[in-house]
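Grab a pencil and open the viewer. Try each exercise yourself before you read the worked steps.

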Amino acid sequence: MDFAARVARAQRKNTLFPLGFHATGMPIKACADKLAYEMTLFGELFSECPAPDANVDGQQEGPTAPPRPREDVTRFTNVKKGKAALKSAKAKHQFQVMLSLGIPREQIHKFADAGYWLQYFPQLWQQHLTEFGCGIDWRRSFITTHVNSYYDSFVQWQMRRLRDAGKIRFGKRYTVYSPKDAQPCLDHDRATGEGVLVQEYVALKCKVVRWSARASDVLSSCDSIPSDADVFMIAATLRPETMYGQTNLFVSPSLTYGIFRISAKEFYMTTDRAARNLAYQSVFPNWGVIPRVAGVSGSDLLGTLVRAPLSAKGDIYVIPMDSIKESKGTGIVASVPSDSPDDYITTVDLSKKATLHGVEPEWVCLDVLPIINTPEHGNMIAPALVEKLKINSPNDERRLLEAQEIAYKTGFYHGTMAYGPFAGKSVQEGKALVRQQLLDSGDAFTYCEPESPVTSRSGDECVAAFLDQWFLTYGVDEEWRNDTLEHLRGEDGLGFNCFGSVTKHSLEQSLAWMTEWCVTRQYGLGTQLPWDASQLVEGLSDSTIYMAYYTVAHFLHSDMYGKEAGTGNIRASQMTDNVWDYVFALSDDVGSSDIDKSTLDAMRREFTYWYPLDVRVSGKDLVNNHFVFFLYIHQAIWGKQAPQYLPKGIRLNGHLMLNGEKMSKNTGNFLSLDSTIHKFGADATRIALADGSDGIDDANFEETTANAAVLKLFELKRWAEAVICRPRLLGPEETFEQVRAAEKPDDADTIQRTGSMSFWDELFLNELNSLVRDTVRAYDATHYKAALKAGFYDLASARDTYRAWTAAASSSGMHQFCVRRYVGLQALMLAPIAPHWADYIWREVLGKPSTIQTAPFPSPAPPSRSLTLTWAYIKHTLSRLTAACAAQSKRRAKSRAKNDAHAGDATAEQTLILRVATAWPPWQTQYLALARRHFFSSDAGLDIKALTREIDKSELKRAMPFLQQVKKQLKGGAEPAEVFERQLGFDEVAVLNEMAPLMRRMVAGLKEVRIVKVAGADETSAEPGRPAMEFVGCELDGKQAG
């Protein structure tokens, strides 16, 4: 975000980059309560904590294994000493976590007060971010919750507005719930399981007709179940439409099942984990009470006969399935072998190995009933897939998972019902109808549980509960969702920017499934719901449009806590709903406010000036909640009345890895922002972060990159100081070589020319213009790794190339203007990423009167195509020359090894003959014309497959690579006219003449460079832009190289 803000300022945009502190929710309160509890156990200083737990603070550490020796002792390492060692300790208690953060033991008791956290940590954040170089407007900072009464008023206004608009409603719904905390456990209230939703099942009531002998023996001593009572085994299914085909009921022999009282004559059997969920879904008689009366092993249930709702078989037997897990569903599964590959292969296996599995053959039903027709697999999709994928055992988990996915998707999207009253209907339609049939008949009920395990911040394993609650109508309000999607897709004409298709797709998917979000809780920190003081606004719902609050925060308060009045001298009680509406341009009537009208108008101007926000930047993990809420609530508040204030963009970041691995205190692979700054400095840290990644992939902070950046910045600073502050300008009669030999300066780069520009100067200045353009484009696209490459590494490389060429080609050295131009551009291009270094160069070295932070990006002349092509040509030709010299040296070495008298002397004088073609080979011209005709006659671009039909087979070997290169140029964005006309854009012979002195300096013993024009292709394989090279000398027979 800081990079983006600095880039915007450099683009002459007024830029607002504020930062607030979000304290809402359970995390702080839960940690404070843990400390309070631990103080009752271990005392205020936690000195009574038993060993070895007490040693986590490092004060009583025992012997440790010696550190592994480093291969390179000059490298920065992550050796854990002192405070760092604490971060690798596995803290069992909350006070140990605080010790690992470097908080003195004698101060930890203060954090038992949740309010103290709000005073302590924001100050550290501000200090560390300032040291990091973030250009934040701290005047607008605030902290959430009731601690800041102004922000509290802002959230309450927002809630009332949403309720008035029908976006907040009250009713019963299923939600993830913490029994310990007695409240819904939403995403940011969770220690694990963020993003996990509630999974809804249909719970079939399978009445026990006859217990197995072993189960009957177990239950005979249970007086809590009357002999005439009905006991139902509860089978949870996601596919009610297939229940007509039930043939058996599966249980796990290794699980224990509980029997729970529903009424005097009705009992349910399920796992204890499922019963814990049911206790909060109004299924059991008393809320939160689990009425367990008996328990039976799954192995004892085998052979029990039950009546299965809807099953064409009527009564079916209970048989074993080892793959059932207690963590999913009720632990009891209805077997439908026609449509479930798992069920089918298990049934077949049991029928073959009945004795081995402890079942009677007659229990296993092989009479499979077709339930669903599918176009590809017929009406028995499970047996068909088992045969197709060659699944031979219930233990073949990988293939079974694949088969299961195919069966479920194919059945749902392409299947039609083949049995029952809804035969002929699509499965998508029939599923809902069968579900309702089961619920209406009383043969089933709804059962819910979290999709996967969720643990609250208080350490509680969460359940799914059916609660009365206030909720936001995400998803169910289709008009609201469609309006939000329209804005996201840019269909409203406001040009929303996702900075990439992946982000857009992810947001669209989240908007598609997001539904009914609980807006309140009872425990934690936050703002009271305006119409129900017993409820707090949950932590994600109070932070959806806080960006609007930034625009006026400094009018309201001058400190983040709202204790000191701001520039508007306004009390929180004065911020009525009418005032908020007026300030945020939702109404022109402020009502009877006693705030000065000029102040209100100033606040409104501030909002309308800065809004809409240009970009919201945060982690990709927030796609499933915060970013969706951000879009939804902006749409609800401003979408109808003032759509011009809807946000303009979202930029996702990946997570940060360290040295290619996940950051973890437990492994010691961990660096805090503060420690990283002290280790590498702010600018080197920022460079390593920018180098970490572009896009939304996880970025990788490499300590080697940061370490190298320290050295690179230092060397570049030292060089800039020398060439700018201590230049040795050549006089009219002086040459670079003469002065260097006579004066022997510490840095020959200080010897510089003035006067007219040379061929090499013009090339260098043009390359600088090109790299500046590339850097600014990368910055504008938020591709900071690419910007760093072009604006730092490539700029430095261009300087090195220019320095080498001018020293060797003309013996004249660098031009002073070019040197100063490079240093100035380098500072400007690096300023967003390394602001401290850039500002030093700008003011202290270049002597500019003001800070670089207010300096705009330059607007250089468009790069000359001719000079750009010339630069690339010279680099490529010199690279070929280097390769040719290496090949020549290799041949000499081989000849000497064979005692060849013609091996030659490496120091002997020789001539380099460069043959320059004046025309392209005729065969290339022929195929280029063919490609041109195809390209301009088709809208699909260059179709290589279509071209091959017009090329003789004997010519394909040389034609295809050439045409593929042409296609690559076109796809890379090259202008078609340039590709097909094949103009070099420069005088090749003139450029080679300029290069001749440089080549003589490069190659030992090279006396002469001779340039020869050849007409078209000849035996030398010369092409325009690629001269043939030949070394000629007394020691060689004129062998061609290159």
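This is a predicted model: local features need pLDDT of at least 70, side-chain atom pairs count only at pLDDT 80 or more; totals for chains, interfaces and linings use all residues.

**Exercise 1. Which stretches have pLDDT under 50, and what is the mean pLDDT of the protein?**

Step 1: start with the whole protein. Its mean pLDDT is 89, and 94% of the residues reach 70 or more.

**Exercise 2. Work out the strand order of the open three-stranded sheet, and say which strands are at its edges.**

Step 1: recall that strands of a sheet pair through backbone hydrogen bonds, either parallel or antiparallel.
Step 2: read off the order, which is 19-21-20, with antiparallel pairing.
Step 3: find the edges. Strand 19 (520-521) and strand 20 (528-529) each pair on one side only, which makes them the edge strands.
Step 4: zoom in on one pairing. Strand 19 is joined to strand 21 (residues 532-537) by two bridges, and arginine 521 has leucine 536 in strand 21 as its bridge partner.

**Exercise 3. Find the places of lysine 390 and glutamate 516, then decide for each: buried, partly exposed or exposed?**

Step 1: keep the general rule in mind: most residues other than glycine have a negative phi.
Step 2: check lysine 390. Its phi is positive, near 55 degrees, and its place is the loop between helix 11 (381-388) and helix 12 (397-414). Its relative accessible area is 62%; exposed means over 50%, so lysine 390 is exposed.
Step 3: check glutamate 516. This residue has a positive phi too, of about 40 degrees, and sits in the loop between helix 15 (501-513) and strand 18 (517-518). Its relative accessibility is 24%, which falls between the 20% and 50% cut-offs, so glutamate 516 counts as partly exposed.

**Exercise 4. Which residue does a cis peptide bond join to proline 612, and where is that proline?**

Step 1: remember that most peptide bonds are trans.
Step 2: look at omega. For the bond between tyrosine 611 and proline 612 it is about 5 degrees, and the bond is cis.
Step 3: Proline 612 is in the loop between helix 19 (597-610) and strand 22 (616-619).

**Exercise 5. Is serine 141 buried or exposed, and what is it in contact with?**

Step 1: locate serine 141 in the loop between helix 5 (114-132) and helix 6 (149-164).
Step 2: check its accessibility. The relative accessible area is 4%, and buried means under 20%, so serine 141 is buried.
Step 3: list its contacts, skipping neighbours within four places in sequence: Leu19, His557, Asp559 and Met560.
Step 4: look closely at one of them. A polar atom of the serine 141 side chain lies 2.7 Å from the backbone oxygen of leucine 19.

Definitions and conventions: Residues are numbered from 1 along each chain as its sequence is written. Side-chain values use heavy atoms; hydrogens and water are left out. Two strands pair if DSSP finds at least two bridges between them. Helices (H or I, at least four residues) and strands (E, at least two) are DSSP runs, numbered from the N terminus. Buried means under 20% relative accessible area, exposed over 50%, partly exposed in between (1.4 Å probe, protein chains only). A polar contact is a pair of N or O atoms within 3.5 Å; within protein, one must be able to donate a hydrogen and the other to accept it, and residues adjacent in sequence count only if both atoms are side-chain atoms. Contact means heavy atoms within 4.5 Å. pLDDT is the predictor's confidence in each residue, from 0 to 100.
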